Structures are given as C-alpha cells and as structure tokens.
Amino acid sequence: MKLQTLYDLQQEINRLFIAGSKFAKEDPRLQKQIPTLQKLGEKAPVFKKLANDLEDLLHSDAQPSADKLMAISILLYSVLYTQGETVESGDYEEKTLTPILNIQDVNTKSSYLQLKPVIDALRIPNSGRLEILKDAFERKLFKDSRTWPYLEEALADKYTELCDFVEKTIIPSIGQPMIPFLLKGFLYKDKTEHQRRLRLLYQLKYSGIPDMIEQISLSSLPSLQVEAIRILSDNPENETLIAQWTGDKNKMVREAAEKALTKLSERNSLKNKIQQKIKQIWQK
C-alpha cells in the first residue's frame, strides 16, 4: 500500500527539527496532513494518534513543543520502520509501504517521557544502562513497539551483558512481532550480533530458518556455521547433514559438528534405554 502522507509528514518533521519546534505552532503544512491521517485512523488507531498528536503540537507554546515534536518523530519512525521500505526502481525511488508487521501489533501506549531514557539506554553508551533496561522490563515498557527497532540494534552493542539481557530476556518476551526487525538487521557476516539474530529467529520459530542455514552452509562463515550446527542438533533427523561438517577445514566448525553428533548419539542412547525400560515394564 502507498502512504505518501507519512513520507510527507516525515519531511515536515525534519524541517521543524532544523528550523526549531517553536515554528510548529499553527504551521499550515502540518495542518494539511491531519485530515488524511484522521481518515487512515478509521482503520488503524496509530494513525489517529498521529493526527491527535499533530493537533496538540499545532496548539503548543514554544517550551513544550520540543518534547511533542520528538514524541511525534519517534512514533512516525516506528510506523515507517514497521510498515514499509523505500523501494528503488530504475533511476528513482518509489516510496511504497510494504507491510512487514501487522498494524495490530503496533502499541504506543507509553508516554514519550517514559520511553526516552529507555531508548537512550539502548543507543547511547553511558553508565547504568543495564539497570535502566531491567527497570523498563519490569514496568513492561518494551510492549511499546517504538522500542523494538532499538532493541534489534542493541544486539550489536559493545556491552556484552546488555546484549545478553536484550537477547535472552527482552526480545523473547515480545515474541514473533520481533521477527521482521531481526530479519532487517541480519546479514550473512561472521559477527556475534548476527549469531544472536540467527539464534533468536530460530527461537521465535521463523519459518525461513532452513533456507538461512542452507545459505550459511555454502558460505565461509565459521561463527554462523557453528550456530547453524547447534540449531540442527535439536533434531535427530539432521545427523547426516551435521556429519558433513566434521570434515570442514575450520577447526571451530569441525569441533561443533563433532560435539553435536555426540549430543545426538547420547540422546538416542537415552531414548533407546527408556524404550527398553518401558518394554520391560509392559512385559511384566
């Protein structure tokens, strides 16, 4: 679907960031966006919120206008990020929104004042960030979809403990709505952040995992191959596929494959023992 209105609004927001939020009051260009957003709001509440926030900004004095402008910017970014991409066609860019997230999953109930320190903690390397994120998690602020793009980006953070908390606690609590963000950030590059994304995509039951693993197996990406082997080892039917990696030229990949085969062998042995025990019980 095409929503040129959102791109036009983004341009006006950027203009006011440069000129100053005080010029937003009774701005005719912003006023022009409201009827269309209200119409879209009949089908999706997030657009109605954008229209209401714009009306609020249009009647704001200079002092509170900066916060209101920033809040609209964050919400607009969230909608654009979750609902579409700019598609290049020939010598021009066609601004077409292709949904990558159900609009029903867009949640914007938290206030800007609540979200700003959380988003800053995900993006800006200051002290005390992990404590801020833990507190935000307890207060369920990550249910707000405006935090989701920043959570995905935080998987590349230099602070390992923060990455671990985002990967192992926050993103799993959000569930499958995070899949589009993880896919958008994933690259076939041998970096820890992409290992994290691959693990999460598997954990969240992304249907394209087999194709991703096939692509990884054809590439020289040892770290991602090790992660792929761990994923494959969850299913005994993958034993033959894993065995192919035992002859890999990379020692790390070979060891991961051998460990996975040992794991499968022990699991099969335990399974056989349990079956024999059950059989003995029934024979008695």
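Begin by selecting L151, which you will find in helix α7 of this predicted model. Is L151 buried or exposed? Its relative accessibility is 0%, and because the cut-off for burial is under 20%, L151 counts as buried.

Next, display what surrounds L151, leaving out the residues up to four places away in sequence: the contacts that remain are L122, F142, V166, I170, I171, I174 and M178. From this list, pick I171 and draw a line between its C-alpha atom and that of L151; the two residues are 20 apart along the chain, and the separation of these atoms is 7.4 Å.

Now widen the selection to the core. The largest nonpolar core comprises 51 residues, and those with the most contacts inside it are L133, F142, L151, V166, I171 and M178. As background to both selections, nonpolar side chains in soluble globular proteins tend to be buried together.

For the next stop, select residues 209-217, helix α11, together with residues 222-232, helix α12. Two packed helices are described by the angle between their axes and the distance between the axes. Here the angle is about 135° and the axes are 9 Å apart, and α11 and α12 are therefore oblique to each other. Which residues make the contact? On the α11 side, show I209, I213, I216 and S217, and on the α12 side show L224, Q225, A228, I231 and L232. Colouring this contact by residue class gives 7 nonpolar and 2 polar residues, with no charged ones.

The last stops concern the backbone. Most residues other than glycine have a negative phi, and this is the background for two selections. Select E26, in the loop between α1 (4-19) and α2 (28-40): although E26 is not a glycine, its phi is positive, at about 55°. E26 counts as exposed, with a relative accessibility of 63%.

Then move to K140, in the loop between α6 (129-138) and α7 (148-154). The phi of K140 is near 60°, again a positive value in a residue other than glycine. What is the relative accessible area of K140? The value is 54%, and because exposed means over 50%, K140 is exposed.

Methods
Residues are numbered from 1 along each chain as its sequence is written. This is a predicted model: local features need pLDDT of at least 70, side-chain atom pairs count only at pLDDT 80 or more; totals for chains, interfaces and linings use all residues. Side-chain values use heavy atoms; hydrogens and water are left out. Helices (H or I, at least four residues) and strands (E, at least two) are DSSP runs, numbered from the N terminus. Buried means under 20% relative accessible area, exposed over 50%, partly exposed in between (1.4 Å probe, protein chains only). A nonpolar core is a set of buried Ala, Val, Leu, Ile, Met, Phe, Trp, Tyr and Cys residues joined through side-chain atoms within 4.5 Å. Contact means heavy atoms within 4.5 Å. Axes are lines fitted to C-alpha atoms, for helices over the stretch in contact, and angles run from 0 to 180 degrees between N-to-C directions. Angles under 35 degrees count as roughly parallel, over 145 as roughly antiparallel, 65 to 115 as roughly perpendicular and the rest as oblique. Ala, Val, Leu, Ile, Met, Phe, Trp, Tyr, Cys and Pro count as nonpolar, Asp, Glu, Lys and Arg as charged, and the others, Gly among them, as polar.
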